[in-house]
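Hi everyone, thanks for coming.

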Amino acid sequence: MDQKELRQVEKQCIQEEAPACQSTCPLHMDVRTFVRQISLGRFDDAWKTLARTLPFPGILSRICDHPCETHCLREELGGAIAIGALERACVHQPKPRIRTIPIPKKNHTMAVVGENFNALVTALDLLKKGYGVTLFTTGNQLGGTLWKIDERLLPKGVIQEELAILDTLGLKIETQRIDNNVSDLFQAGFSAVYIDLCSPDAAPLAQGKRPTERTFALEHAGVFAGPVPGLDGQNRISPIDQAFQGRAAALSMERYVQKVNPIEGRDDEGPYPSRLFTNLEGITPLAKMPANNKTAGYTLEEAKVEANRCIQCQCLECVKVCPYLAHFKGYPRKYAREIYNNATIVLGNHAANAMINSCSLCGLCTEVCPENFSMADLCLGARRDLVERNKMPVSAHWFALEDMAFSNSKQFMLARHAPGREASEFVFFPGCQLAGSNPEQVIQTYAFLRNNRSQNTGLMLQCCSAPAYWAGDQPRTETAIALIETNWQQLGKPEMILACSSCMEMFKQYLPQIKVTSLWEIMDRGNLPDQMLGGVSGGKVLGTIPAMALHDPCTTRNEPRVHEAVRSLAAKLNIPIQELELSRTNTECCGFGGLMENANPEMAKKQIEQRRLESDLDFLTYCAMCRNQLRGADKRTVHILDYLFPGKESPEDPAARPRTGLSESRKNRERLKTDLLDRLWNQPPIEKDLFPLCMTHEIKTTLEQRRILNQDIRAAIAHGEGTGKKMLNIDNGHFLVSHRPSMVTFWVEYSVVDTGYQVHNSYCHRMQVTRERQ
């Protein structure tokens, strides 16, 4: 991602866009911050916020007509915030000491002809930029029409106090009339000239010409004028519009003497529509705070009450629904900058890598964002970049990639026509997660498809490559996809029936030439056997099923037909369904997607905890991994296949079936293949001599968290026992062995017992321990 691409990505996130009150203000005063400071009673800070943007804040805050109020989102919820009254209440307080930083003097001197408010703003801005300024007037008082304003609104002492800064900054005043030709001013050494069109003595210098609306330039090079009536849509010139036009003219004069483009980067100058979206749902209407003394205006306490009505407009729609985005205390625009810096400046920072790899890539942010910003695309692109430059931490995705390699090895992979068939019209692709969590249901589902869909339904056991895709590892992804395509071609290019929505997503993206259909659509379109309907499944009477909350997997987000098919199936099974607040296209991830659980287990816990608390009902889902994740978070959850194919050995309460562990998942996949080959293709398995392992529940939980499988434990013990390379702790009689089969070293603490080997502890690391040669 280069700088141009970064700017495009940043612009898509609107969180940093100005709220309507600020974008409507011609000077873009930070109204939101100002009002928040008032609500907290920080009047000195509020004063400084006014002074940062407004010229002569003590004057303008009193007389501004506050167009910002016309676009306040509070308007329909009790009335717009009384921003004008709050500003007056603020400037009635003593002005705090505001530090000014001296600007080096520049070599150009500007002429300002006229004495009205707009001309004074032009002079003030040029002085603050370091230019010498001479103001020409025929003897009229500085401020012009300001002195005619009712003193109850604008005391004359305030005018004098505010205009004193001009003298402090070195304004020179010439009380002489300028003839109807400005050429004399340029001959006198002035670099640019501003003409106050509100001044009867100065206006004739413009010779009746109207300045351009963006730069306020006249035809004569270096001559600028204003104000121009009608820029706010009305044929008048409000005080805030005078200030805006005076400031805009000062910027144009500066660009003129600097010989740079006068309009570059000024598209959002002046009032413009705000892009910021603020969700008003759930905000309570509050009536505007009336001032007890309308003449004096708000007291400090009244001002605080009124300011507290402000809803502090911001978007954060994605952050509200995503624990991941909230955890890193930012929003997509900020994260885009961090990712760019990580890739181009620090070249792989631990904190930034953690943020990049913790995203579930589920796409919910895109669905709720008014601008369709995709953190998934941003993070996936960053992962691919890290992998390509060999900067991706190995620990982030190692286990998932190893597990994918297992699923694509001879221990699990299988591609066969149906028993006794020479061709396949369809092929059932259950995916590795369903196979790992409940292999018997895969066998039952396959039998159902052969009996009810087509006898020419083959079977393919394999991983769809989602782990490699999520890890940003394009070469591994493409290798696994090519393996699927090869097996599909060998089976005669049949239609694929997919049980896993992640597989569906991968097939549609990488294998568009393959016709795919969701298992749930097939089952809903077909005729379910009578014993599956009306609360009876697999020969078991299920009785009345209580209402359940339906969890849609995040990878079905763009699969409305799947959503409808599952709900139709639930209705046929007489399962009352409660829709979760975030469901269908707005469903939440279970914390497994994007390899979140591998890269950031604690973040995955937050994700699934938020999901499980959305309903007190038991959950129903149709994704094996979602079911596993929810069950691991102690949420009673049923996979819909638990009702369709419970099996003779299924528990009476399927919602209580425990989460399938990592070791068990791998063993189940291996067992599924051997069982299928034995039952359907008459290929009995070769028995393996596996010595028994004994371990407590606490040790099993620890191994799950550390992603250490039983086969890793067995391999390490076998290595130690076979080579004799083991250490003995003479205090407790425990042995300690290490084994490095690939890039990870496994350590196991164990003891020999009558029933096998008692495992006391195990850990692993990627650091390689070597023995120093003598």
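Let me start with a term: when I say helix, I mean a DSSP run of H or I with at least four residues, and helices are numbered from the N terminus. Also keep in mind that this is a predicted model.

Okay, with that in hand, let's go to the second largest pocket. Helix H4 (43-53), helix H7 (117-128) and helix H8 (156-168) each supply at least two residues of its lining. Which of them gives the most? That's H8, with five residues. The space in this second largest pocket comes to about 840 Å³. In total 28 residues line the pocket, and the ones closest to its centre are Arg99, Thr100, Lys128, Ile165 and Leu169.

How many cavities of 30 Å³ or more does a search of the whole structure find? Ten. The largest cavity has a volume of about 300 Å³. Its lining is made of 24 residues, and Asp403, Gln433, Phe592, Met625 and Leu662 lie nearest the centre. Several helices each put at least two residues into that lining, among them helix H18 (394-407), helix H28 (624-632) and helix H30 (662-681).

What does S9 pair with? Strand S7 (residues 426-429) pairs with S9 in the parallel sense, over four bridges. There, valine 427 stands opposite methionine 496. S9 is also joined by three bridges to strand S10 (residues 516-518), again running parallel, and in this pairing isoleucine 497 stands opposite threonine 517. To get from S9 to S10, the chain crosses through helix H23 (residues 501-510), and this β-α-β crossover is right-handed.

Lysine 493 sits in the loop between helix H22 (474-490) and S9. Its phi is near 60 degrees, a positive value in a residue other than glycine. Buried or exposed, then, for lysine 493? The cut-off for exposed is over 50% relative accessible area, and lysine 493 has 53%, so it counts as exposed.

Further along, we meet an open sheet of four strands, in the order S14-S13-S15-S16, with parallel pairing. At the edges are strand S14 (577-579) and strand S16 (637-639), each pairing on one side only. From one strand to the next, the twist averages 40 degrees. Inside the sheet, strand S13 (residues 548-551) and strand S15 (residues 619-621) are joined by three bridges, and leucine 550 has leucine 620 as its bridge partner in S15.

Back to the start of the chain for one more residue. Leucine 27 is in the loop between helix H2 (20-24) and helix H3 (31-39). Why does leucine 27 count as buried? Because its relative accessibility is 8%. Its contacts beyond four places in sequence include Leu54, Pro55, Ile240 and Phe244. Isoleucine 240 is 213 residues away along the chain, yet the two C-alpha atoms are separated by 7.6 Å.

Last stop: the peptide bond from glycine 226 to proline 227 is cis, and proline 227 lies in the loop between strand S5 (223-226) and helix H10 (239-258). That's my tour, thanks!

Methods
Residues are numbered from 1 along each chain as its sequence is written. This is a predicted model: local features need pLDDT of at least 70, side-chain atom pairs count only at pLDDT 80 or more; totals for chains, interfaces and linings use all residues. Side-chain values use heavy atoms; hydrogens and water are left out. Two strands pair if DSSP finds at least two bridges between them. Axes are lines fitted to C-alpha atoms, for helices over the stretch in contact, and angles run from 0 to 180 degrees between N-to-C directions. A crossover is right-handed if, with the strands pointing away from the viewer, the path from the first strand over the helix to the second runs clockwise. Buried means under 20% relative accessible area, exposed over 50%, partly exposed in between (1.4 Å probe, protein chains only). Contact means heavy atoms within 4.5 Å. On a 1 Å grid over the protein atoms alone, a cavity is a set of points where a 1.4 Å probe fits but cannot get out, and a pocket is an open set with protein on both sides within 12 Å along at least five of seven lines; lining residues have an atom within 4 Å of a point. Grid points are joined across faces, edges and corners, and a volume is the space filled by probe spheres set on the points.
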